[in-house]
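Here's a quick tour of how some side chains pair up in this protein. Have a look at the model first, then read on.

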Amino acid sequence: MTATEHPFAHLSENQLAELAREFDAIHDQVRADLGERDRRYIKGVIRLHRQIAVAGRALLLGSRSKVAWTAGTGCLAIAKILENMEIGHNVLHGQWDWMNDPCIHSSTWDWDTASTAAAWKHSHNYIHHTYTNIRGKDKDLGYEIMRIDPHQKWHPAYLAQPLYNLLLMAFFEWGVAVHDMDVEAIRAGEKPMKDVWHDIKGISGKARDQILKDYVGWPLVSALAATAVGRLVHREPRSRARVLADRARGRRRKGAVRARLAAARAEGAGTFAATFWADFTANIIRNLWAHSIIFCGHFPDQTYTFSQDEVRDETRGGWYVRQLVGAANITGSPLFHLLSGNLGYQVEHHLFPDMPSSRYAEIASQVREICRRYGLPYNTGPLSKQLGTVHRTILRLAFPGGKVRPKPGPYRGDELERAA
């Protein structure tokens, strides 16, 4: 492993102080400009999410049809991605608290995932965003189960990390929920048991709600609807004369009634199972997407990590630069950025985590200009490149050794064209 020089070692204390003032000014300018168009944006995204979710649930009423199942599952996956990435993650960051809307506020919002809002805000908003990429402090650096930086000491357990990373991809929401408990602190005896039991109670409550909602409640709604429709469609019309004749003869045609009921039950059971697997698939798709976006924003070759000694006397300017070089962007279309929660602008998000995500694209050019003038890198690249380097790192560092990958030089103004 080779040592890596601080990316801002060339900056004086005065330069770091001036850099901090420039970043503070960007934040304050956006904060002063927030208003009706921002309010319309977040309410529009929430409305879009609900419309897509309703469309998905309506389609899954006919989930025994392959076409309806595929379309419904796709809608549901997109709705879950929107809710977790652009809505839940950003609302819980307090990005929309300035509206003072009790329905869209970090203190009241709960989201469609296994993590409780309170636990996630502590582990993510506080721990991760305060101690970003500081080894031994940032719990998100490998999520306490993976070696993603060569400075981390190797252990034989890491040999399995390419395999359990696949499980983490598929069940990411559950992995994050357990991670929020701070298992390392529990093992070290640093976390009081009353806090541990409080977290377990919160996670088990969310787990119960998620399982009942996705794997019992909605499949049951689909099954009952399909059963009702099936009985209506297959009901045999009878004339009044026929009814009177049947009553007169005392014939109830029990065999035919039982047959229709059996057919309706089979229709309901089939629809229940189809909706169950649709919900399961949608959750897997959402988890794969969230894992990819988050890992690409934190663990590609471009990002730096820091020892605790390196940041011991960190200034405001130093904090900004650590956020800047500890994150990486992903290039993409406006639709891509919407579905990624605007975390394709991970650099801007780490600089200003409480700024509405819809503003990151607007300030990106200002951030790049500061990087150019101060001789700092601006980490960015397409999803395929970022994802490839992440998984290469996970595979290589499963084994002993490894070295720090080459880091990008100062931003010169043409890196975006090369990245695209």
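**Rings and charges**

Lys407 lies over the face of Tyr304, 5.5 Å from the ring centre; a charge counts as over a ring if NZ of Lys or CZ of Arg is within 6 Å of the ring centre and within 35 degrees of the ring normal. This is a predicted model, where local features need pLDDT of at least 70, side-chain atom pairs count only at pLDDT 80 or more, and totals for chains, interfaces and linings use all residues. Residues are numbered from 1 along each chain as its sequence is written, and side-chain values use heavy atoms, leaving out hydrogens and water.

**Charge over a ring**
- Lys137 sits over the face of Tyr131, at 4.6 Å from the ring centre.

**Aromatic pairs**
- There are 19 aromatic pairs (Phe, Tyr and Trp rings, the last by its six-membered ring, with centres within 6.5 Å; planes under 30 degrees apart are stacked, over 60 edge-to-face, the rest tilted).
- Trp96 and Trp98 have ring centres 6.3 Å apart and planes at 40°, so they make a tilted pair.
- Tyr143 and Phe299 are edge-to-face, because their planes meet at 90°, with centres 6.4 Å apart.
- Ring pairs also join Phe171, Tyr215, Phe276, Trp277 and Phe280 into a cluster.

**Salt bridges**
- The whole structure has 28 salt bridges (a side-chain nitrogen of Lys or Arg within 4 Å of a carboxyl oxygen of Asp or Glu).
- Arg37 and Asp33 form one at 3.9 Å, N to O.
- Arg359 and Asp38 form another, at 2.8 Å, N to O.
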